[in-house]
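I opened the model to look up a handful of local features. These are my entries, in the order I made them.

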Number of protein chains: 2
Amino acid sequence: MSLVIVGSIGLDTVETPAGKVSDILGGSASYGSIAASNFTDVRLVGVVGSDFPSEAVELFKTRGIDLQGLEVQPGKTFRWSGKYNDFNQAETLSTDLNVFADFQPKLPDNCRSCHSLFLANIHPALQLSVLAGVEHYALVACDTMNYWINLCPDLLTQVIQKVDIVFINEDEIRLYTGLDNIFEAARGILALGPKVVLIKRGEYGSIMVTKDSYFFAPAYPIYPIKDTTGAGDSFAGGFLGYLAERGDLSEENLRAAVRYGTVMAALDVSEFSVKGLIRIGRDKIDAMVQNLERWT
Amino acid sequence: MSLVIVGSIGLDTVETPAGKVSDILGGSASYGSIAASNFTDVRLVGVVGSDFPSEAVELFKTRGIDLQGLEVQPGKTFRWSGKYNDFNQAETLSTDLNVFADFQPKLPDNCRSCHSLFLANIHPALQLSVLAGVEHYALVACDTMNYWINLCPDLLTQVIQKVDIVFINEDEIRLYTGLDNIFEAARGILALGPKVVLIKRGEYGSIMVTKDSYFFAPAYPIYPIKDTTGAGDSFAGGFLGYLAERGDLSEENLRAAVRYGTVMAALDVSEFSVKGLIRIGRDKIDAMVQNLERWT
């Protein structure tokens, strides 16, 4: 079943303890859609400039990603530059919105009613405008970041009230709810409407919180790490891609989805850009998921 | 089967965000032995001064802890005072070794050959002197801390070479091995001889590393937290107490032991001093372990 992903598509310049790369494919929707493409039919909604490399378009296509929602606007593609002194937190060196500054996501006809919709990390006002154009979805999920929590928490709350699943970092859930205890914080988000909160904890894995239960998943032990950019987006893409493949939201499928998201995040950090997400096939991804099951 | 625990017994003055308490029972062997007393016959080896409160002696006795190895020396009991600004790291305000300064642990006859021996966090030279007096044990484990890693790493290595199980914090294993990656670091410790390394990660749980496998366990979600002093000692006590009860070191028993240790650490942090470790009975401890199984 189809997964629609709306978010940023950019060109990143990244320096980490493992090296430096320039103008590589990045953005929340790029990581999310390529991770999800291992599992299901993905439809990408976003904007790039006329300088967007044709190799990146080809990559999306070879992954079977539908690009009817990909706008190409005159001007430059969104660019982000950051430096990791350790792998936990990037220092943003520059952000050039370029064509992304005027982005008004428009859902093409084939994206109005699908199985799942992922509102990857973009301005909550844009996430709301996408939700306004949606007809029928079995599942809607959102991600966000500290920048939006500080800038427009009320808009973010409006998004959260309309989605089924919230992806959020450990620090961000504390910031958003004002609660130090992440379990109380997750219950606060569930009280707004969502059925599932996925708390991302970086190298410590993730916690899925639902009304009735917790599910704790460790991060997949992988080394060396090259670049943690996109790990959260890859987690969400793997999680939602697997769920879209399975169709229903049983507890068993949700837990397996956490493991698939965990593996995609680990593959992401093993390489710069999206290279880790396409390095191995489904059989090896399944084997990594089986390892995680054995280790917990 | 019997578990012998050698370590510090002290009176702590602790300030945390949840309050302040003075001259309460503390020390690595106190936490470890009371946690373990939920599961097995414990024999405590340590030293206290003539000011050691009779209530604390009574507490050990009511928990069935054998005190033939508890020396009472003229002078004051070991005292430690610390302050937690958050719950992750204590700032030591004062350490008064008192009678502990000249402690030479002597194993009484009933502690020379037992099922398991836990060398809780004390000077590696003392841990070595205990090992020199040991006759037959099925299982020997040690804990340590950053202070000894910095002061006498070579002595600590001699201890590690002689034990089966090493308990160590995430930061400490990096400090001891000089490796940033904790999985590589654990393999470095296994190469010295131990069969099992237990990496403690505070609120993020623990990882058990053996030659063939990992076992990841989350921390038990508990709040409010009052005082994290002794959490690692309680983890080790619960782990080793459960193993001593079961007798053999099958993978299944080792994994269950991690869960019992996790629950004892959670109970510890729920109260000041050792109060949390004796608050509930075995049936409720078992129920908490079952929760952990359900949540992973």
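**Helix 6 of chain B**

I started just past helix 6 of chain B, where G178(B) takes a positive phi of about 75°. The model is predicted, and local features need pLDDT of at least 70, side-chain atom pairs count only at pLDDT 80 or more, while totals for chains, interfaces and linings use all residues. Residues are numbered from 1 along each chain as its sequence is written, and chains are lettered from A and ligands numbered from 1 in the order in which they are written.

Helices (H or I, at least four residues) and strands (E, at least two) are DSSP runs, numbered from the N terminus. Helix 6 of chain B spans residues 170–177. Which of its residues are buried? I found E172(B), I173(B), Y176(B) and T177(B). They cover an arc of only 115° around the axis, so they sit on the same side of helix 6 of chain B. The arc is that of the directions from the helix axis to the C-beta atoms. A residue is buried if 20 or more other C-beta atoms lie within 10 Å of its own, exposed if 12 or fewer, and partly exposed in between; C-beta atoms are placed from the backbone.

Next I checked what those buried residues pack against. The partners in chain B are helix 4 (146–151), helix 5 (153–162), strand 10 (165–169), helix 7 (182–190) and strand 11 (196–200). Contact requires C-beta atoms, placed from the backbone, within 7 Å.

**Helix 3 against helix 5, chain B**

Two packed helices are described by the angle between their axes and the distance between the axes. For helix 3 (residues 124–132) and helix 5 of chain B I noted an angle of about 35° and axes 8 Å apart. Axes are lines fitted to C-alpha atoms, for helices over the stretch in contact, and angles run from 0 to 180 degrees between N-to-C directions. The crossing of these two helices of chain B is left-handed. That term applies if the near helix is turned anticlockwise from the far one by less than a right angle; clockwise is right-handed.

From helix 3 of chain B come P124(B), A125(B), Q127(B), L128(B) and L131(B). They meet L155(B), L156(B), Q158(B), V159(B) and K162(B) of helix 5 of chain B. By class, I logged 7 nonpolar, 2 polar and 1 charged residues in this contact. Ala, Val, Leu, Ile, Met, Phe, Trp, Tyr, Cys and Pro count as nonpolar, Asp, Glu, Lys and Arg as charged, and the others, Gly among them, as polar.

**Where the chains touch**

I then turned to the chain pair: 14 residues of chain A are in contact with 15 residues of chain B. On the chain A side, helix 7 (182–190) and strand 13 (214–217) each supply at least two residues. Strand 13 of chain A gives the largest share, 3 residues. The chain A side divides into 9 nonpolar, 3 polar and 2 charged residues.

**Strands of chain A**

Strands of a sheet pair through backbone hydrogen bonds, either parallel or antiparallel. Two strands pair if DSSP finds at least two bridges between them. I traced an open sheet of 4 strands in chain A, order 3-2-6-7, with mixed pairing. Its edge strands are strand 3 (19–26) and strand 7 (90–96), each pairing on one side only. The twist averages 15° from one strand to the next.

Strand 6 (residues 79–84) and strand 7 of chain A pair antiparallel over 6 bridges. There, R79(A) has D96(A) as its bridge partner.

Strand 1 (residues 2–6) of chain A has 4 of its 5 residues buried, so it is largely enclosed by the rest of the structure. Strand 1 of chain A pairs in the parallel sense with strand 4 (residues 41–49) over 5 bridges, and V6(A) is partnered by V45(A). Strand 1 of chain A also pairs in the parallel sense with strand 8 (residues 113–119) over 4 bridges, and I5(A) is partnered by F118(A).

Most residues other than glycine have a negative phi, and most peptide bonds are trans. D23(A), in strand 3 of chain A, has a positive phi near 50°. Is D23(A) buried or partly exposed? D23(A) is partly exposed, with 15 other C-beta atoms within 10 Å.

S273(A) also has a positive phi, about 50°. S273(A) is in the loop between helix 9 (251–269) and helix 10 (282–294) of chain A. S273(A) counts as buried, with 24 C-beta neighbours inside 10 Å.

Last, I noted a cis peptide bond joining Y223(A) and P224(A), omega about 0°. P224(A) is in the loop between strand 13 and helix 8 (231–246) of chain A.

Notes: Contact = placed C-beta atoms within 7 Å.
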